[in-house]
Amino acid sequence: MVTLFVTPGWRQYQLFLILGLALSAYLVKLVTRGGWDRWAHRRAGWPKWRLRVLLHVLRRLTLIYFVVFSWSLYWVMQEVTWPSRSYLIGIAATVATAWLLIGFLARLVRNHTLRRIFTWSLWIYATLFALNLVDDVAAALDSIAITFGQMHLSVLAVLKALMLAAVLLTLARLGSNAATRGLKGNSDISPSMQVLIGKGIQLALYGLAIVVSIRAIGFDLTGLAVLSGAVGVGIGFGLQKVVSNLVSGIIILMDRSIKPGDVISLGETFGWINALGARYVSVVTRDGREYLIPNEDLITSQVVNWSHSDRYVRLDINFGTAYGDDPHKVRKVAIAAARSVSRVLSTPGKAPVCHIVGFGDSSVDYVLRFWIGDPTSGLTNIRGNVYLALWDAFQAEGISIPFPQREMRVLNEPLTVAEGASAPPRTVPSD
């Protein structure tokens, strides 16, 4: 390499031209970066994926400028001079273009380790391909190998398997995400079946990617049948809860007893289902907490699904008024107060009703029943709003809400003591 720099000739000239192109690309990036940044800030309304692509472009401005400059110089020199005088410039342009494309493709791999392996492997391969050294390096890597019986495991095979695994796992993730989005857009399939089908597709794609990657190394999977069976039995005894949760998750998805968006209460937990997982169900409560409830608990415990068949929920409020208030007027005022709350339904069959339920010690007891259609917005807050509406309406109509009152009298009169008794006279308080 040093000889190319010190030996006069077109090879030396091409190397200096490549260095000049790299320096020019860097200087142009420094001059134009401010304008590109201002233009990018005006694209705030773009979708997120387009903004991510734009960010990656801005990070690679130097390489992009170098690719444009090198290919432009290469094509000009191909036209005006001998092709051999632009050979190294063509190699540099090819390598830079490959590196640029690989940098964008690597963003599809989410796993950081797999992305590094994918990126560096393709960069090395693209460089060797441009220098026409692929066959020589492949032969050298294939010679570094370990032999197990009939299996020949070489460094080249391992590298190919890792590259294949990165590509296949990325394709599996993209395929499963696309299938999930397609299922969510199909209104003919219930949400629970959408999750079940999506999980099945994801499991099949990832399983196929792993099997193909292992086969690419040269492992014979049929020879692992007995060993995998024994290991499976041992794992089954140790992971009974995990398997139980997995099976329970499949049952939940198939019988559609709960689905994403349902409002449920399990013990002290009340919230709506955010997601159905293979091992647990994510339940989000009104206070923002997210509970991960094992699927087995949903099968073996009593679960209240407030929106199983529909999203309508009826709530009851108990109150009492004084005996001097007209009960007919109380019922009308209570119903009107409930109707005035925005979330309370007033449709036929779901309108508020009020009934007398008993004559108490100090009040006439009533129950006010009303329906709501959005239980995910909370139950305590709607009860509080109806109570406030009742209070305001009763105050406006002069209806009183009695409360228990007790009167205590203390008598200090002395008691008569029989003659001959030793006890002194004393007063006994009475209530």
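Q: In what order do the 5 strands of the open sheet sit?
A: Quick heads-up: this is a predicted model, where local features need pLDDT of at least 70, side-chain atom pairs count only at pLDDT 80 or more, and totals for chains, interfaces and linings use all residues. Residues are numbered from 1 along each chain as its sequence is written, and side-chain values use heavy atoms, with hydrogens and water left out. Strands here are DSSP runs of E with at least two residues, helices are runs of H or I with at least four, and both are numbered from the N terminus; two strands pair if DSSP finds at least two bridges between them. The pairing in this open sheet is antiparallel, and the order is 6-5-4-3-7.

Q: Which residue in strand 4 is the bridge partner of Leu266?
A: Strand 3 (residues 263–266) and strand 4 (residues 269–276) run antiparallel, with 4 bridges joining them. In strand 4, Leu266 finds its bridge partner in Thr269.

Q: How many residues of strand 5 are buried?
A: Buried means under 20% relative accessible area, exposed means over 50%, and partly exposed is in between (1.4 Å probe, protein chains only). Strand 5 (residues 280–285) is mostly covered, and its buried count is 5 of 6.

Q: Which residue in the turn between strand 5 and strand 6 has a positive phi?
A: These two strands run antiparallel and are joined by 5 bridges, one of the pairs being Val284 with Glu290. They make a hairpin with 4 residues between them, and the turn residue with a positive phi, about 90 degrees, is Gly288.

Q: Why do the buried residues of helix 14 end up on the same side?
A: Helix 14 (residues 380–397) buries Ile382, Val386, Ala389, Leu390, Ala393 and Phe394. An α-helix has 3.6 residues a turn, so residues three or four places apart point the same way.

Q: Which exposed residues does the opposite face of helix 14 carry?
A: The buried side has cover that includes strand 8 (313–321), helix 13 (327–339) and strand 10 (364–372). Turned away from that buried side is a face with the exposed residues Thr380, Leu388 and Gln395.

Note on methods:
Contact = heavy atoms within 4.5 Å.
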